[in-house]
Amino acid sequence: MSPTFLPMLGHTRGNRSAATCHFKCGNACAKDVCNTSTNNYFRDIADTALSRRALLGLGGVAAAAVAIGVDVAQAPEAAADFGGFGQGGGKLRFTAIAPVERTVDEVTVPAGYTWEPIIRWGDPLFRKTPDFDIENQTARAQAGQFGYNNDYLNILADKGSTRSGVLVANHEYTNEDLMFDPAWMDDDHVDEARRIAMAAHGLSVVELRRKKAGTKWEYVRGGARNRRITATTVFAVDGPAAGSDLLKTKDDPTGKKVLGTLNNCAGGTTPWGTVLSGEENFNQYFQGTATGSPEDSRYGISAGPTERGWELTDPRFSAQNAGYENEVNRFGWIIEVDPQDPSSTPVKHTALGRFKHEGANVRVAADGRVVSYSGDDERFDYVYKFISRDKYKPGNKKHNMTLLSAGDLYVAQFSGDSPASEIDGSGTLPADGAFDGTGTWLPLVVDGESKVAGMSVEEVLVYTRLAADKAGATKMDRPEDVEPHPTTGKLYIALTNNTDRGKANKKAGADEANPRAGTTSATSNRDGHVIELTETGNDATALTFGWNILLLCGDPKAPASKLYFSGYPAEKVSPIACPDNLAFDSKGNLWISTDGQPGTIGYCDALHKVTLEGPDRGRVEQFLAVPAGAETCGPVIHDRDDSVFVAVQHPGDGGTYAEPTSLFPDYVAGRNRVRRGQAYAPRPSVVQVFSSRANSGAGRSRGARATTADAS
Ligand code: FEO
Ligand code: CA
Ligand code: CA
């Protein structure tokens with residue numbers, strides 16, 4: 001394997017380590033912006049915007065009614081098709097922790113709570129799978145072990161049980177610098193190293209058990225539903241582009257059968273109990289054609305060799321190998337997995353379009369159709385919505401698993417209601433006191449027909465970014481999770497950051513939905529923001545919406561630009577930056593995990609609770625911090641169980657195999673790499689935070705830990 005090349009070393013875009021940039025998204029920020037389209041952007045359409053209140057049908061006193069309209073979203077946990085999340089009676093009361101300095105290699109939790117890993121990279125899922133041994137790893141072993149860099153997470157209790165369930169986690173990417181001894185990665189072993197990395201991608205499904213509600217879950221080695229999905233698992237392709245010539249390769253002349261899933265980032269659990277997962281920065285795994293194409297450029301696919309070099313081990317990873325020109329088109333989709341049936345074939349849904357899907361989340365509309373929302377996580381890319389053709393049938397999983405196979409695809413266009421002259425890029429509120437306005441879902445495919453001139457349905461679905469450019473979508477600041485609220489139906493959109501907005505050659509300046517822009521840290525959108533969107537009439541199938549900015553993130557004690565917390569006093573909130581994954585508790589509070597706080601506001605990444613209703617609306621309270629180098633992913637909030645779950649991704653990024661900068665979660669000292677199943681290495685892990693009162697004797701506390709300094 002070629003030596004690691006870190007082009008972002010010393011000049012990451014203010015939010016993450018060079019290693020994270022390199023391995024996670026193929027240095028996307030180091031490269032030119034993919035979206036060079038000149039589609040109408042915000043200001044061109046602002047003048048034609050309808051009044052937000054008129055569009056929402058709101059009179060002076062009607063606003064509250066929207067929040068409790070008949071079309072109430074179905075929280076996955078509340079749906080009838082699978083179990084709830086325990087009856088422990090807890091309320092998850094906590095006092096916000098102080099932000100944690102970015103070098104602290106520790107999970108920090110509030111007083112009264114403790115934490116334990118449930119499962120770690122390398123833990124065996126099956127009885128015959130070898131125990132983790134970082135010095136003697138094989139692709140065969142890894143394919144039966146928990147994968148690397150867990151991201152999306154859900155903990156699904158079995159229906160009617162408080163003591164059994166399943167854990168589902170994505171494995172977004174691999175960090176070869178931390179996984180492998182460089183001395184071993186010679187010509188004799190490089191193919192095996194690549195196959196280990198392929199096996200460490202994908203998803204895991206693992207059975208859980210515990211003694212009683214409110215206590216710690218343990219994973220079940222050899223559980224009947226345990227499953228690994230990797231970069232070589234067989235997937236079926238469905239929807240309008242299945243069988244398209246654009247998806248055919250010499251290994252698959254049907255265009256309906258794909259091996260593997262890649263760079264699975266966030267996801268969602270459907271009301272029928274399946275898991276959706278987004279194939280995000282898939283482009284970095286593929287070598288494009290030598291000549292390139294507008295499609296390759298728009299998706300960031302390069303003609304040069306890839307940095308992981310998978311094309312040297314498996315020819316399908318290069319479009320320059322005859323017969324594999326279309327292999328890259330078979331990635332970038334939303335996949336659906338049934339975690340209850342380990343023999344089921346997972347599906348790639350072409351009806352939802354192809355882009356760098358962060359994830360997807362489903363809401364059931366009042367008329368029974370289902371709506372899936374998805375963000376395309378790249379600077380200046382878009383927010384999408386899919387409306388199913390057919391209707392949800394409670395309890396009929398077989399039918400419901402066809403809902404994402406046929407329907408209409410739209411992309412969001414946002415308009416502001418304040419004069420453009422008041423949106424100056426600094427983040428200063430306009431005279432009407434809010435960044436807000438209306439919007440339209442622009443049609444891409446409706447009733448089986450393309451709504452984009454010059455593009456067929458298949459082309460719209462395979463090259464969705466180009467179709468959305470033509471439609472005139474609004475360029476956003478990296479849309480990550482897009483989550484419907486389980487009771488109000490409002491949509492929350494995490495826009496993680498974009499320090500390129502406003503730069504002279506980037507074609508998009510500040511607009512009311514992305515109001516911070518500039519080339520200096522004082523004006524750029526370094527710290528991200530969160531949008532709250534209300535579909536017209538609170539109807540999930542509506543084609544217009546209202547929106548407002550909920551948070552302009554940052555550190556109130558050292559603001560780099562203007563901050564906003566929906567009117568809540570900034571001096572009373574926890575600092576927050578780079579919002580990424582979203583979740584809700586049973587009371588309807590929003591929880592936000594972050595990806596990038598160390599590089600912007602200087603603190604370890606975190607999980608924050610945000611109050612949405614009442615006088616404390618906009619109050620941000622930090623619940624936990626993850627260890628040095630890590631990002632907080634997949635938050636799952638079981639407040640009735642006094643439990644919170646997070647996927648701790650890329651702990652110790654920036655360190656090396658020989659010199660790790662994190663020893664989370666085992667904290668084993670010394671360079672004997674493995675001791676009783678624990679390792680002298682950081683291991684991405686799923687962590688449960690739970691009440692120490694209900695679990696006496698369990699959990700980890702600070703102190704008495706090995707540190708990386710102990711190794712010498
Ligand atoms: Fe994989 Fe958009 O974060
Ligand atoms: Ca306004
Ligand atoms: Ca993410």
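Along the chain, the donors of the calcium ion (ligand 2) are spaced as D-S-x13-D-x1-A-x1-D-x75-E; donors are N, O and S atoms within 2.8 Å of the metal (3.2 Å for Na, K and Ca), and water is not among the atoms, so sites may look incomplete. This is a predicted model, in which local features need pLDDT of at least 70 and side-chain atom pairs count only at pLDDT 80 or more, while totals for chains, interfaces and linings use all residues. Residues are numbered from 1 along each chain as its sequence is written, chains are lettered from A and ligands numbered from 1 in the order in which they are written, and side-chain values use heavy atoms, with hydrogens and water left out.

Biologist: At what distances is the calcium ion (ligand 2) coordinated?

Modeller: The coordinating residues include D417 through OD and S418 through OG. A434 takes part through its O atom, and E512 through OE.

Biologist: Is A434 buried or exposed?

Modeller: Buried means under 20% relative accessible area, exposed over 50%, and partly exposed in between (1.4 Å probe, protein chains only). D432 has a relative accessible area of 41% and is therefore partly exposed. For A434 the relative accessible area is 18%, so A434 is buried.

Biologist: Which residues does D245 contact, leaving aside neighbours within four places in sequence?

Modeller: D245 sits in the loop between strand 7 (234–238) and strand 8 (257–259), where strands (E, at least two residues) are DSSP runs numbered from the N terminus. Its relative accessible area is 54%, so D245 is exposed. Although D245 and E458 are 213 residues apart in sequence, their C-alpha atoms are 9.0 Å apart in space. With contact meaning heavy atoms within 4.5 Å, and with those neighbours left aside, the partners of D245 are N326 and E458.

Biologist: What percentage of the 712 residues in the chain is buried?

Modeller: The chain has 33 strands. Among its 712 residues, the buried ones make up 66%.

Methods. Helix = DSSP H or I, 4+ residues; strand = E, 2+ residues; numbered from the N terminus.
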